[in-house]
Amino acid sequence: MIQYTKTLPVRMDVDVMVAGGGASGVAAAVAAARMGKSVLLAEAGGALGGVGTTGLVPAFATFGDGINVLSAGIGMEIRRAVSRNIPLDRYWTPIDAEELKRTYDTITTEAGVKVLFFTTACDVLTTDGHIDGVVLTSRTGLYAVTAKVFIDCTGDGSLNALAGGQFEIGNEDGKTMPPTLCSQWSGLDTSAYWKNDIPALLEKAIGDGVFTYADRHLTGMNPREGGVAGGNIGHIFDNDPLDEESLTRAMMWGRASMLEYQRFYREYVKGCENVQLTATGAMLGVRESRRTVCEHMLSVSDYFARADFEDEIGRYCYPVDIHIMNTDSEEMKRFHAEYEDMRYGPGESYGIPYRSLVPLSFDNLLTAGRCMGTDRQMEASIRVMPGCFITGEAAGTAAALAVDAGAEVRSVDIALLQRTLAGHGAFMRTELVR
């Protein structure tokens, strides 16, 4: 045991500090900055966007319910700036990661957000349920940042956890969904590719011993123009998203496993005879990690009820999408049955209450994105990028209002928050905007 003490400089004091520069973090930072607040956005990697850029996740999930654009506001602003040749109502929209990186750079810069790359929160200083400051580590060493409001958009709920806040994780045994190391491919003949019966071909390849693991849950290729495709391919089982040794093994196996999939596509799938793996993500596509305990834990019963809330800050509609936990055949049956059972029809959605962004443990912390307040099943719906845009924009807007009022985040005027969000283009039920 080593006792370590150090006096740290307070390098910045801002109105709002956002930890994590993924989809929710960008939306939160931009929303707060556009309301005239000084905002620091700290990102551990070298680009904004998280799994959608650094992680090479190949596509946006749906922005709408088939009738309404739900991920409107900042989310749709970003969507309009990328993949311009693809209709806005497309359910899955292929992502050009470089284009998306530039879009995030532009929108944060124009909003006046102070962005710091290669910067990680490593400790949180608190007093009686109030966050006094966050300790950051970067190339210049350790230093502290103070703010009036902090927003946890880390995906792993790191700010809340470092501060000692309450959280949940995984299933009843604490196990989480397996992640995927996403990838990029070239040499695809798209017209031929779509004619394949991929599940049947995958079954044949499994029988032929192509794969180390009999993983039948293949999300697969997402083609773009020019024979390029993004790959959401393969699962890495028995991974702990909060353990760096487990994550290291997962990254190494993910890269190695792509050679098995390259063989599968080249030898079994028409249109893929000349595919070439060109890149794998620089971060793992983690689907599930900590869920912050908030004033309301959005639950699967809310999903089935198409729930409405008086403190709604938006609505979303993506299915409950809990990937297979192992390679057992019964697990694949479970996935197919659950995924089909938990799909909405056109125009159907569930409300997202502001209380699900307000952690129980602190008075000046908000959360958004994958680590917000949900049960496990609802986390599997809201975790996709359009859902993160919705909750991030709401958290950033609420943070700005809390700064204006000099109030705790749980005391934000809900009617004012709803009017402000609607005025910025976010989708709101008409009767709530009063």
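# Helix packing and loop geometry

Student: Is the crossing of helix 1 and helix 11 left-handed or right-handed?

Tutor: Helices (H or I, at least four residues) and strands (E, at least two) are DSSP runs numbered from the N terminus. A crossing is left-handed if the near helix is turned anticlockwise from the far one by less than a right angle, and right-handed if clockwise. By this convention the crossing of helix 1 and helix 11 is right-handed.

Student: What kind of model is this?

Tutor: Residues are numbered from 1 along each chain as its sequence is written, and side-chain values use heavy atoms, with hydrogens and water left out. Local features need pLDDT of at least 70, side-chain atom pairs count only at pLDDT 80 or more, and totals for chains, interfaces and linings use all residues, since this is a predicted model.

Student: How are helix 1 and helix 11 oriented to each other?

Tutor: Axes are lines fitted to C-alpha atoms, for helices over the stretch in contact, and angles run from 0 to 180 degrees between N-to-C directions. Helix 1 (residues 23-34) packs on helix 11 at about 30°, with the axes 7 Å apart. Angles under 35 degrees count as roughly parallel, over 145 as roughly antiparallel, 65 to 115 as roughly perpendicular and the rest as oblique. Helix 1 and helix 11 are therefore roughly parallel.

Student: How many nonpolar, polar and charged residues form the contact of helix 1 with helix 11?

Tutor: Contact means heavy atoms within 4.5 Å; Ala, Val, Leu, Ile, Met, Phe, Trp, Tyr, Cys and Pro count as nonpolar, Asp, Glu, Lys and Arg as charged, and the others, Gly among them, as polar. From helix 1, A23, S24, A27, A28, A31 and A32 meet M385, C388, F389, G392, E393, G396, T397 and A400 of helix 11. By class, this contact has nine nonpolar, four polar and one charged residues.

Student: How many of the 21 residues of helix 11 are buried?

Tutor: Buried means under 20% relative accessible area, exposed over 50% and partly exposed in between (1.4 Å probe, protein chains only). Helix 11 is largely enclosed by the rest of the structure, because the number of its 21 residues that are buried is 19.

Student: How are helix 1 and helix 2 oriented to each other?

Tutor: Helix 1 packs on helix 2 at an angle of about 110°, with axes 10 Å apart, and their crossing is right-handed. The two helices are therefore roughly perpendicular.

Student: How many nonpolar, polar and charged residues make up the contact of helix 1 with helix 2?

Tutor: V26, A27, V30, A31 and R34 of helix 1 meet I74, E77 and I78 of helix 2. These residues divide into six nonpolar, no polar and two charged.

Student: Is A368 buried or exposed?

Tutor: A368 lies in the loop between strand 17 (365-367) and helix 10 (376-382). Not counting residues up to four places away in sequence, A368 touches S24, D152, C153, L357, T391, G392 and A395. Its relative accessibility is 1%, so A368 counts as buried.
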